[in-house]
Amino acid sequence: MDTLYDLIIVGLGSHGSNCFSHFSGKMRVLGIEQYVSPHTKGSHNGETRIVREMGYSGEYVEIARRSVELWKQLQDSTSEQVYVNSGGILFGNQTDSQFRDYTQYNNPNLQQLKHQEVESRFPIKTSQDQQFYFDKSAGFVKPELAIQIFINQGKAKGGEVINNCRYVNHIYKDDEIHVYTDLGVFRSKKLILSLGMGLKRLQNTYSSLDIALYKQQVIFLKTDNKKFDQLPVFMSENNSQEIYGFPRVNGEVKIGIHHFGPSLEHPDLYDQTKNEEGTVNMIREFLIKYMPELKDAIVSRIQTCVYTSTKDHNFTIDFDPRSKNTIILSACSGHGFKFCIVMGEIIEEMFNTGLQKYKTFQLSRFQKPKF
């Protein structure tokens, strides 16, 4: 407890690791991680994550575009393949309200494609009730590699890391924040709580924090079909059911269903090894209709992660109501990873100005009105 840090970051997953890289070298930073990041105990595992502008509106547009810029910069600065600009395709039925929302904002990179063009360029079968849009700026990142790069960058700039250390709580004492863990107490001037699904444990502390957890599984299909090397990342929005996937990587095509898994009551109570019924069957039905060349492909493996989400599926990035020196950071799983690379910039601006300019992400949106 002798060292007074300028900043402690609790949780070095997607967003915490970026903050660790961003602030290290600018101040004395300590990163506290319950496991050893990257790991498979949250939502950042699974080898690929979509990066896109397509489908976003409102306050997300600005940070989506900035995120794409920063992923390209990161790729240019490293010899490792962390970001791939594969392009992205979004398709669905205009009778679906969510699909209409996805396509009705001004994205200069979004181009509507004719059915013939889709089938000539990609291994996708079209149907007359579907519309197809291509986003040339979209692609994917390798999440575990990105997190490892962020942590290595932070350490190289002087940041310190304590692994296998579980956060318990924090208290304010004079001008300091005392962070209690199972390995002792650490002191800091500022604090970022980036706990992922561990934020569920704080709902009694923050009455306006509304966190839900969902078990999610993705399947990997083994194929020798090289056409799927040219497949862009894709999102299919039909009947408000989103199926998404990636081009072939190392002989496998990865496909998942957004927000399809069962809810979890507690972050420590879920079975990663149990395969949930329905996921594979629903994906097979999708393949029969839109990617028939994959319909009989062998499922080589299934991976599990846990979504941490709010009831409106928007991020929570805001100050602790008790202090402008603590920020609660929960950029929701399922669509949050692509934005992790810009989180350090957002948090630095908040600390510097004392303001949260993104109303969509404020804790107060969940507060019940007082009469």
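Me: Which elements each supply at least two residues of the lining of the second largest pocket?
Reply: The model is predicted; local features need pLDDT of at least 70, side-chain atom pairs count only at pLDDT 80 or more, and totals for chains, interfaces and linings use all residues. Residues are numbered from 1 along each chain as its sequence is written, and side-chain values use heavy atoms, without hydrogens and water. Helices (H or I, at least four residues) and strands (E, at least two) are DSSP runs numbered from the N terminus. The elements that each supply at least two lining residues are β14 (233–238), β15 (241–245) and α6.

Me: Which element gives the largest share of that lining?
Reply: Among the lining residues are Met282, Glu285, Phe286, Lys289 and Tyr290. Helix α6 spans residues 279–290. The largest share, 5 residues, comes from α6.

Me: Is Leu287 buried or exposed?
Reply: Leu287 belongs to helix α6. Buried means under 20% relative accessible area, exposed over 50%, and partly exposed in between (1.4 Å probe, protein chains only). Because its relative accessibility is 0%, Leu287 counts as buried.

Me: How many disulfides does the count come to?
Reply: A disulfide is a covalent bond between the sulfur atoms of two cysteines. The rule applied here asks for a pair of cysteine sulfur atoms within 2.5 Å. By this rule the count comes to 0 disulfides.

Me: How far away from Cys305 is the nearest cysteine sulfur?
Reply: Cys305 is in no disulfide. The nearest cysteine sulfur belongs to Cys332, at a distance of 13 Å.

Notes. On a 1 Å grid over the protein atoms alone, a cavity is a set of points where a 1.4 Å probe fits but cannot get out, and a pocket is an open set with protein on both sides within 12 Å along at least five of seven lines; lining residues have an atom within 4 Å of a point.
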